Amino acid sequence: MAGRRVVVFPSSAELGPALAHLVISRAERAISSRGRFTLGLSGGSLVSLLSKELLALPELDCSKWVVGFCDERLVSFDDPESTYGLYKIHLFSKINIPESGILTIDSSLSVGDCAEDYSRKLKEAFPGDSFPVFDLLLLGMGPDGHTCSLFPDHPLLEETKKIVAPISDSPKPPPQRVTMTFPVVNSALCVAFVTTGGSKAPVLKEVLENRESSVFPAARVVPTKGELFWLIDEPAAASLTIQVERLGSGAKL
């Protein structure tokens, strides 16, 4: 791993612009060296935060972006639980990303077939890679320490061969989902967690300060060769005793 940075902001109002700058800086770096930028998105509160901040940027050019999803709920795209559906409303419909640059699931399939189909789409988008190597993955963490749709004590935590795995018994509804596996997450060139709110503070302390012994899935995110950022607000950082960086609005990562 290139190194872990734990960066604390007063609130999500200051965190948001720094997140947008991280996305844009990694996009510019990737496009200049490889001609495209590959981004993996997560749902939840990240949708509105990221969409708002990216759309506030002047001259945002997403024409060379390829976007996938770190996990997705097996629901129709017009369902409010659909991560793609939310990003389509809040972001994709307002930027110049080509349709072919958005890698979506086929929600008409069974959960097992859907995972296999999405694995095939990722393999086609990343030819030559045994596991897709994204330029940037944006992750969240639940109060139970889950990330993507990788939940505590679930057998999928030990998956080492699949790119995308099905889950039919998610403890958080809806129960049927597909998720990237840890080998994909840890192959990324950069991974950034966005974690806000006091409800995350106890788990965040365990994940960041006791990673080796932690039972929480988020602690297993350790990019093999890439960067790891934890972008958090003061309430989420309340229990931390480790050294952190404290930045305000306008910070460049």
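Start by selecting D153: this residue is exposed, with a relative accessible area of 73%. (Exposed means over 50% relative accessible area, buried under 20%, and partly exposed in between, using a 1.4 Å probe and protein chains only.) D153 sits in the loop between β5 and β6. Strands here are DSSP runs of E with at least two residues, helices are runs of H or I with at least four, and both are numbered from the N terminus. Check the backbone too: phi of D153 is near 65°, a positive value in a residue other than glycine. Most residues other than glycine have a negative phi.

Before you go on, bear in mind that this is a predicted model, where local features need pLDDT of at least 70 and side-chain atom pairs count only at pLDDT 80 or more, while totals for chains, interfaces and linings use all residues. Residues are numbered from 1 along each chain as its sequence is written, and side-chain values use heavy atoms, leaving out hydrogens and water.

Jump to E59, in the loop between α2 and β3. Its phi is near 55°, again a positive value in a residue other than glycine. Is E59 buried or exposed? It is exposed, at 80% relative accessible area.

Next, pick P173 and P174. A cis peptide bond joins them, with omega at about -5°. Most peptide bonds are trans. P174 belongs to the loop between β6 (164-167) and β7 (177-180).

For a closer look at one pair, zoom in on β5 and β8, which run parallel and share three bridges. Select L139 and you can pick out F193, its bridge partner in β8.

**Helix α2**

Select residues 46-55 for helix α2. Seven of its ten residues are buried, so the helix is largely enclosed by the rest of the structure. The buried ones are L46, V47, L49, L50, S51, E53 and L54. What covers them? The cover includes α1 (12-34), β2 (37-41), β3 (65-69), α3, β5 (136-139) and β8 (190-195). Contact means heavy atoms within 4.5 Å.

**Helix α6**

Move on to residues 201-209, helix α6, where A201, V203, L204, V207 and L208 are buried. Looking down the axis of α6, you'll see these buried residues fall within an arc of 155°, so they line one face of the helix. (The arc is that of the directions from the helix axis to the C-beta atoms.) An α-helix has 3.6 residues a turn, so residues three or four places apart point the same way. The cover over the buried residues of α6 includes β1 (3-9) and β9 (227-233).

Carry on to S214, in the loop between α6 and β9. This serine counts as buried, at 15% relative accessibility. Leaving aside residues up to four places away in sequence, S214 touches E206, V207 and A219. The side chain of S214 also reaches the backbone nitrogen of F216 at 3.1 Å. That is a polar contact: a pair of N or O atoms within 3.5 Å, where within protein one must be able to donate a hydrogen and the other to accept it, and residues adjacent in sequence count only if both atoms are side-chain atoms.

**D106 and the cysteines**

Select D106, in the loop between α3 (83-90) and α4 (111-125). D106 is partly exposed, with a relative accessible area of 28%. A polar contact of 2.6 Å links its side chain to that of S108. Not counting residues up to four places away in sequence, D106 touches L74, C114, D117 and K121.

C114 is buried, with a relative accessible area of 0%. Finish at C190, buried at 1%. The closest cysteine sulfur to that of C190 is in C70, 12 Å off and too far for a bond.

How values were computed
Disulfide = S-S within 2.5 Å. Pairing = 2+ DSSP bridges.
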